[in-house]
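Have the sequence and the 3D view open beside them.

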Amino acid sequence: MRETIRALVAEHRAAPDDDAAPIGLESLELVMLTERLEDEFGIQVKATEVVPKNFDSIGGLVAFVQLKTSVR
Amino acid sequence: MKVFVPDRIGVQLAGTGAYLPADVRTNADLIARGCPLTDEEIVRLSGIRTRHVAAPHEATSDLATEAATRAMTTAGVTASQIDRLILGTVSPDHLTPSTACFVHARLGLGPIPAFDLTASCSAFLFALENAARAIATGDSCVLAVAADVRSRWLNPADRATSALFGDGAGAAVLRAGPLGQGLLGVGLAVDSAGVKSVYVPAGGSREPSTAETVAAGRHTIVMSEGPQVYLAAVEGMVETGVSLLKALGKTFDDVDLIVPHQPNRRILDRLARVGRFAPEKLFINVERIGNVSGATCAIALDEALRTGAAKPGMRVLLIAAGAGYTAGAALLQL
């Protein structure tokens, strides 16, 4: 999952080596990443879930997708 | 969500009308004016290729008057028959008085109530709901209009908003009639979690206009949480649509045509996916006129009726969501 997420992030920005480092996606890139995460992992992201904790780092994205896929 | 279902007096859709300014701007036109996106990016991100922009001499009331006149002509009613004018807009001619007062004057209406309401991109649904309630309590003929000239509040260099909006107006004449035809039900809601999702920071009582606010560019639309707005728009439209249909004992399967608010094409694709209905049910014109804010649904409904996409006998669902967040849905039996 981590490598898949890194690859999806890399479609827009170079994914940082440090999982805690900020990715720095801009608004439109976040929209596209959200859709790619939904398609890839079969999840549905809600507006209230697009917060820095979930989307600002690779580590945050991995934890978020793990949580979403675990409660499907 | 608050649902209103006419149960004593029916609310008939007697006629619709729309007006789009003559100036059609392509993505290339916007790029020449400072839009920092490429044509390919605009199309990929929004699906929008052109939008109409009001001429310098045109204000929101001018667009609204033209759409209202066309709706009255279609409905076969004259100014003296209108009991009430409700105008939804977030881009008024002036902060005071209401834009409805200018439209009232231009249409030559009698001494009847005329007022603005503000519900951003859900404005036409809010106007319809208020019109339906007015008919339920005694009005015979109500003009519901939505009009916006968002181009006056756009920063041409803003990536998030500069290519999305267009100007225009739409209107409907609603008349009292038999139950079971016309407006079957309408529902509205606000989720104030999105109160600053799409907003104009300055120019109101919170941050009055000064030379500094103008210099800082605080009089144009700010949409700093685009991804949240994108997702919330779909959630708002699906939730209000489902809630209204449920209140009426129906589902998306019972709807022949869905006329949605059209912020951009990606949102409409997602709408069908999340709502789990066939995308072919959607009436889409966003690629030609962009997001016309509160007027979008009214313009699309008029176009659907004029082109035959919406026909007598069909059940048509209008759904919208907008800044605030506001949301609304209305089910029509044509």
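My entries follow, from conventions and confidence to folds, interface and backbone details.

**Conventions.** I worked with a predicted model, in which local features need pLDDT of at least 70 and side-chain atom pairs count only at pLDDT 80 or more, while totals for chains, interfaces and linings use all residues. Residues are numbered from 1 along each chain as its sequence is written, chains are lettered from A and ligands numbered from 1 in the order in which they are written, and side-chain values use heavy atoms, with hydrogens and water left out.

**Confidence.** I began with pLDDT, the predictor's confidence in each residue, from 0 to 100. Chain B averages 97, and 100% of its residues score at least 70. For chain A I noted a mean of 89, with 99% of the residues at 70 or more. Within chain A, helix H2 (residues 27-41) has the lowest confidence, at a mean of 89, and helix H4 (residues 58-70) the highest, at 94. For the model I wrote down an ipTM of 0.86 and a pTM of 0.95.

**Chain A.** I took helices (H or I, at least four residues) and strands (E, at least two) as DSSP runs, numbered from the N terminus. Chain A has four helices and zero strands, in the order α-α-α-α from the N terminus on. I then checked the radius of gyration, taken over C-alpha atoms, against the globule rule, 2.2 Å times the number of residues to the power 0.38. A compact globule of 72 residues would come near 11 Å, and chain A agrees, with 11 Å. Along the principal axes, its C-alpha atoms fill a box of roughly 30 × 20 × 20 Å.

**Chain B.** I found 10 helices and 12 strands here. The radius of gyration is 19 Å, close to the 20 Å that the globule rule gives for 334 residues, so chain B is as compact as a globular protein of that length. Its C-alpha trace spans about 55 × 45 × 35 Å along the principal axes.

**Interface.** Leu28(A), Glu35(A) and Ala47(A) supply 35% of what chain A buries against chain B, more than any other three residues.

Next I looked for salt bridges (a side-chain nitrogen of Lys or Arg within 4 Å of a carboxyl oxygen of Asp or Glu). There are three between the chains. Glu35(A) also turns up here, in a salt bridge with Arg266(B) whose closest N and O atoms are 2.3 Å apart.

**Backbone details.** Which peptide bonds did I note as cis? One joins Thr96(B) and Pro97(B), with omega about 0°, and Pro97(B) sits in the loop between strand E5 (84-88) and helix H4 (99-107) of chain B. Another runs from Gly324(B) to Tyr325(B), with omega near -5°; Tyr325(B) lies in the loop between strand E11 (315-322) and strand E12 (326-333) of chain B. I also marked Ser120(B), a residue other than glycine with a positive phi, near 45°. Its place is the loop between strand E6 (114-117) and helix H5 (123-136) of chain B.

Terms used:
Buried area is the accessible area (1.4 Å probe) that two parts lose on being put together, summed over both.
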